[in-house]
Amino acid sequence: MRLRWGRRSRRSAAQATVEFAVVAPLFFLCLLASIDAGLWAVQTSAEVAAVEQAARDAASAAAGPLSETAPDARTVVADIGQRLRQALFGTTVVAWCDPTRRDACGFVSCPASPGAVQAVFGPRVVALCVEVDAPPPCAVTAPAAGCGDSPMVTVRAIGYVAALVPPGFGAGTEAGEIATDIAATTHSLRFAP
Amino acid sequence: MNIPRRARRRHSNAQAALETALVIPILLLLVCNFIALMLEISVQQQLDSAVTLAAESRFQATESSFDPPGTMCCPDARCCNGETGAQLQTGGIPTGCRYAAESFYGTMRSFGSLLTWHLQPLCTSGGDSRGAPSAPYPASPRGSEVSCDVGSVAPDGNAYPGYLDHALNPPSGLDVVICDATASLDFGDTPLAWGVFWTPTLHAHAEVLPPPFRQ
């Protein structure tokens, strides 16, 4: 049987549509994955540089002759928050402090996981926190191990950064985010009393 | 030759299927390798950061400060690499080396499952920019992910030279601290293994000058 030109053209168009329907989602998935990988690398790079600088600043601030206390998370956010916000598109940068308290930071240790940040501040939030591991005081009779050490300061950027992740594909609990946990640790100088 | 229409249609369908079968794997291969490249860049930057902070931390201990026997690097889980459980015995080596290791392990927490470390002595002395080799301290742990070349003065008065960089302050050179870390990035345990067939070796090197008040 001979097909007419119109029928054949309709069949060809249908075939093209089916091919497009099969290939297009895969193509867009690959495109999104590539863009997202690039974005993620930029964001991670900014986080690494920022927490490294923050750890250095916090260690310096803790090493003053009049102060042995490292700055809290809010001071660190004031220090590096601006440069982080420029790189973390669509992500909120906050200090890891109790949002219900105004006087003090409230949270002493860093969140255990990115999920803990999401539980307090919601999705697509990166929290900056500071931990100071102070050495034990040196007793005269039986000094404890490491009692003369200089304090160790750790700054972490932890949470979920915004990403082009479709629903069901993300490492986060919600679509459009990827978990991040970047740390920088350094020793600070302690002046003799 | 005149091909019948039905055969031509089948031929066209087969050609489309073949094109798709060729293009999709190539597309996926490109995407996998692009993601792997982005991952490599991120890990390299984290490694650079960890090694730099490690080298800087050495100066937070005095030159004559040595760890007493039984001291361990990373007694606190927060400063160790939780995945490898690295615990380094640092008794008898300069305290600055332990500080360097603690800073390194504390910073290099991410991407641990992707990295295979090239282990080396934690603390070495000697060596210069003209190629003279460095030697590990006698008590230095051998299986560390980071290695630092530092100078020190032991409690018995024995002086260990640091790394001499002749490019700085020529021709006599300047005593500096250098730290190195090397690791292979292995994608074998990730979905990227499907299309990534290379295993890059990442290396980070940091050289730090002593602060002015110590020179």
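**Interface and selected residues of the two-chain model**

Across the interface of chain B and chain A, 12 residue pairs are in polar contact, with both residues of each pair at pLDDT 80 or more. The structure is a predicted model. On the side of chain B that touches chain A, helices α1 (5-57) and α2 (95-107) of chain B each supply at least two residues. The greatest contribution to this side comes from α1(B), with 22 residues. Sorted by class, the side of chain B that touches chain A comprises 14 nonpolar, 15 polar and 8 charged residues. In total, 37 residues of chain B are in contact with 39 residues of chain A. The area buried between the two chains is about 3,200 Å², and carbon and sulfur atoms give 56% of that area.

Salt bridges were examined next. Over all chains the structure holds 7 salt bridges, and the count between chain B and chain A is 2. One salt bridge between the chains pairs the side chains of B:E56 and A:R56, at 2.8 Å from N to O. A:R56 also meets A:E52 in a salt bridge, with an N to O distance of 2.7 Å. A:E52 and A:R56 both belong to helix α1 (residues 5-61) of chain A, where they are 4 residues apart, about one turn of the helix. A:E52 counts as buried because its relative accessibility, 15%, falls under 20%. A:R56, at a relative accessible area of 24%, is partly exposed.

A salt bridge between the side chains of A:D149 and B:R98 has an N to O distance of 2.8 Å. This pair crosses between chains, running from A:D149 in the loop between β2 (125-133) and β3 (152-162) of chain A to B:R98 in helix α2 of chain B. A:D149 is buried at 15% relative accessibility, and B:R98 is buried with a relative accessible area of 4%. Through shared partners, salt bridges join A:D149, B:D67, B:R98 and B:E102 into one network.

Within chain A, A:R74 forms a salt bridge with A:D72, the closest N and O atoms being 3.7 Å apart. A:R74 is partly exposed, with a relative accessible area of 33%, and A:D72 is likewise partly exposed, at 28%. A:S113 is located in the loop between β1 (92-95) and α3 (114-121) of chain A. This serine counts as partly exposed at 31% relative accessibility. From C-alpha to C-alpha, A:S113 and A:V125 are 13 Å apart in space and 12 residues apart in sequence.

In chain B, B:W117 is part of strand β1 (residues 115-117). B:W117 is buried, with a relative accessible area of 12%. Apart from neighbours within four places in sequence, B:W117 contacts B:L47, B:F104, B:M108, B:E145, B:A181, B:T182 and B:A183. With B:E145, the side chain of B:W117 makes a polar contact of 3.5 Å between side chains. The C-alpha atoms of B:W117 and B:V177, which are 60 residues apart along the chain, are separated by 21 Å.

B:D128 occupies the loop between β2 (123-126) and β3 (134-136) of chain B. Although buried, B:D128 has no salt bridge, and B:R130, the nearest side chain of opposite charge, is 5.6 Å away. Beyond residues up to four places away in sequence, B:D128 touches B:Y163, B:L164 and B:H166. The side chains of B:D128 and B:H166 are joined by a polar contact of 3.2 Å.

Definitions and conventions
Residues numbered from 1 in each chain as written. Chains lettered and ligands numbered in written order. Predicted model: local features only at pLDDT ≥ 70, side-chain atom pairs only at ≥ 80, totals over all residues. Heavy atoms only, no water. Buried < 20%, exposed > 50% of the residue type's maximum accessible area, 1.4 Å probe, protein only. Contact = heavy atoms within 4.5 Å. Polar contact = N/O pair within 3.5 Å; in protein donor to acceptor, adjacent residues only side chain to side chain. Lys, Arg positive; Asp, Glu negative; His and termini not counted. Salt bridge = Lys/Arg side-chain N within 4 Å of Asp/Glu carboxyl O. Buried area = accessible area lost by both parts, 1.4 Å probe. Nonpolar A, V, L, I, M, F, W, Y, C, P; charged D, E, K, R; others polar.
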